[in-house]
Structures are given as C-alpha cells and as structure tokens.
Amino acid sequence: SRKMPHELHSVLKDVVKVINLIKAHALSRLFEQLCEEMDAEHKRLLLHTEIRWLSRGRSLARVFELREPLQRFLSEKSLPLAAHFSDKEWVAKLAYLCDIFNLLNKLNLSLQGKMTAVFKLADKVAAFKAKMALRGRRVDRGIFDMFQTLAGILEDSIWRSAFSQLVRDHLSLLLQEFERYFPITIDPRYEKEWICDPFVNKPGEPSMSVQQEDQLLEIANDGDLKRTFETLPMFWMKIKPEYPYIATRALKTLLPFPTSYLCEAGFSAVTATKTKLRNWT
C-alpha cells in the first residue's frame, strides 16, 4: 500500500492536509457545529497516523463521508483545498482509495489473532491475490461493482474508461508487491499438505525419515483418529505420545508464530503498564 501511482498518492496527501488543517488550527469545534447543522452522520475527522496501520483507511473513509460538509467549511474559510471536493475526478480517486484500503484493512485484521496456523494465513493471502487479479480483469471490462464506493461515483462519468487504466495499474502494482512479500516459490504449504490433512494417504516430504513415513501411513489409515480430527495444533499434540516422530515434525511447522501479532500484543500490554492507569497499590 506504500507504493501507488502518483495520481493516487497526491490525493492521499491532499486528504492528510485537510485533516491536519482542521485538527491543528483549532477549527475542529467549528467543523463539528457545521456537521451538526447539516445532520451529518459523523461530526469529527479521524487523524492519519503512520504508526497505526488501520488509520489510513479509516481516515480516508471518514473524509469521503464528510465531503459535503468539508467542501462547505473550506469554502467559507476561502481555503484552496475546497476545490478538490468539487472535482468529481478527485472524489472518484478518493472513493477508490477508500475501497482498496478497506480491503487491505480487512486482510490485515483476518491475519491477526491467537491460535492461527501458517497454512490458514497463507490461504488468506493467496485468496486476496486471486481476488485482486479477478478485480483487475473486471476493471479491464469497465466493471467496478466490486468497489462499492467507487461504483456509485463512476455511474455516469464520461472519463470512466480513462479511470479504468489508473485502477488497473494500481492493482497490478499491488499484486507485484504481494508477490515480492509472499512469493510463490516460498510457499509454506508446499509439500506439507499432509499436516493439514494427514488422512490423504499420500507420501509426505522427500526429506522424511523412515519412521516418520511409517507413522504418517499409520495415521492415514486410522479410522478412529479420522473421526476425532480437530484443529491442527491440538490434533498433533494429542497424538504425539503415540506417533512422536511425525507429530514432532508437524508441530515444528505449526508452532512458530505465523505473524508478529502476539509479539505486538505483548508490547502493547507492557506499554499499558507505564501509563497513569497503572495500579500502584
């Protein structure tokens, strides 16, 4: 998400300028009063912070929702940034950024949490890459229904075809970045399907020892185990006493943290103890 075409990046910078202008120059209260007068759903803008990785998408969405009050407020203050909100092409780019960052935020959130396995997260990333490729092909045909916010803006736009190229270029760039971070050649699922489904009755990895292959075949043909198959880590931990060689190999793949979520949650907990809310008694 850090790399995008200049046209989209300039819109992002304009949005940050608008937010900082209102937040930093004590105009927030006046803007809230205007939102109340216009019966807007929200009354405040959200700050965009580089450290908070969800803030970019949320701040963009809030600016889009409050675009009419913002245009009126900035116009009354004779500020040049007001011209952006009357520019339909600029608003369309903002709508696209809202949609694409919303998708990225959903992916980020789906990769967090406890008791996650590397296979499940790899599946989610692969699904996201496939969806981006599909969206790119649909954009080539002038179909934007998968970007709900943008679709409403482009409904009757004469520059719809030109905008298609911009979106297609960004989706291609996004896919390239995902391929760089998650290359197909280093797929954690490769030759490890037996960990997810030990009952496929197929040979495991070429580097397996004889004892490991024997135990894998015993598991694959054990009907009682198949009927009690549970979540991956719990299953392999449960059968470790009976099948120590193959279970140990599977757990070495499953137990390492697939993301930095638990580490970051730990740092957050430590930080919370250093605030005024800390109990000194």
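# Exercises on side-chain contacts

At 23% relative accessibility, R138 counts as partly exposed (buried is under 20% relative accessible area, exposed over 50%, partly exposed in between, with a 1.4 Å probe and protein chains only). The model is predicted, so local features need pLDDT of at least 70 and side-chain atom pairs pLDDT 80 or more, while totals for chains, interfaces and linings use all residues. Residues are numbered from 1 along each chain as its sequence is written, and side-chain values use heavy atoms, without hydrogens or water.

**Exercise 1.** Find the salt-bridge partner of R138 and classify the accessibility of that partner.

Solution. 
- Step 1: apply the criterion, a side-chain nitrogen of Lys or Arg within 4 Å of a carboxyl oxygen of Asp or Glu.
- Step 2: R138 pairs with D145, and their closest N and O atoms are 2.8 Å apart.
- Step 3: D145 has 48% relative accessibility, so this residue is partly exposed.
- Step 4: for context, the search of the whole structure gives eight salt bridges.

**Exercise 2.** Which residue forms a salt bridge with E76, and in which helix do both residues lie?

Solution. 
- Step 1: the partner of E76 is R72, with closest N and O atoms 3.3 Å apart.
- Step 2: both residues belong to helix α4 (residues 67-76), four residues apart, or about one turn of the helix. Helices are DSSP runs of H or I with at least four residues, numbered from the N terminus.
- Step 3: E76 has a relative accessible area of 51% and is therefore exposed.
- Step 4: R72, at 38%, is partly exposed.

**Exercise 3.** Describe the salt bridge between K93 and E89, then name the network that contains both residues.

Solution. 
- Step 1: the closest N and O atoms of K93 and E89 are 3.8 Å apart.
- Step 2: K93 and E89 are four residues apart in helix α5 (residues 88-110), about one turn of the helix.
- Step 3: K93 is buried because its relative accessibility is 11%, whereas E89 is partly exposed at 34%.
- Step 4: salt bridges link E7, E89 and K93 in a network.

**Exercise 4.** Are the ring planes of F178 and F182 stacked, edge-to-face or tilted?

Solution. 
- Step 1: rings of Phe, Tyr and Trp (its six-membered ring) pair if their centres lie within 6.5 Å; planes under 30 degrees apart are stacked, over 60 edge-to-face, and the rest tilted.
- Step 2: For F178 and F182 the centres are 5.9 Å apart and the planes lie at 35 degrees, so the pair is tilted.
- Step 3: F178 is buried at 12% relative accessibility, while F182 is partly exposed at 39%.
- Step 4: ring pairs join F128, F178 and F182 into a cluster.

**Exercise 5.** Locate R62, classify its accessibility and list its contacts.

Solution. 
- Step 1: R62 is part of helix α3 (residues 55-65).
- Step 2: its relative accessible area is 17%, so R62 is buried.
- Step 3: leaving out residues up to four places away in sequence, R62 touches H42, R44, L45 and L46 (contact means heavy atoms within 4.5 Å).

Note on methods: Helix = DSSP H or I, 4+ residues; strand = E, 2+ residues; numbered from the N terminus.
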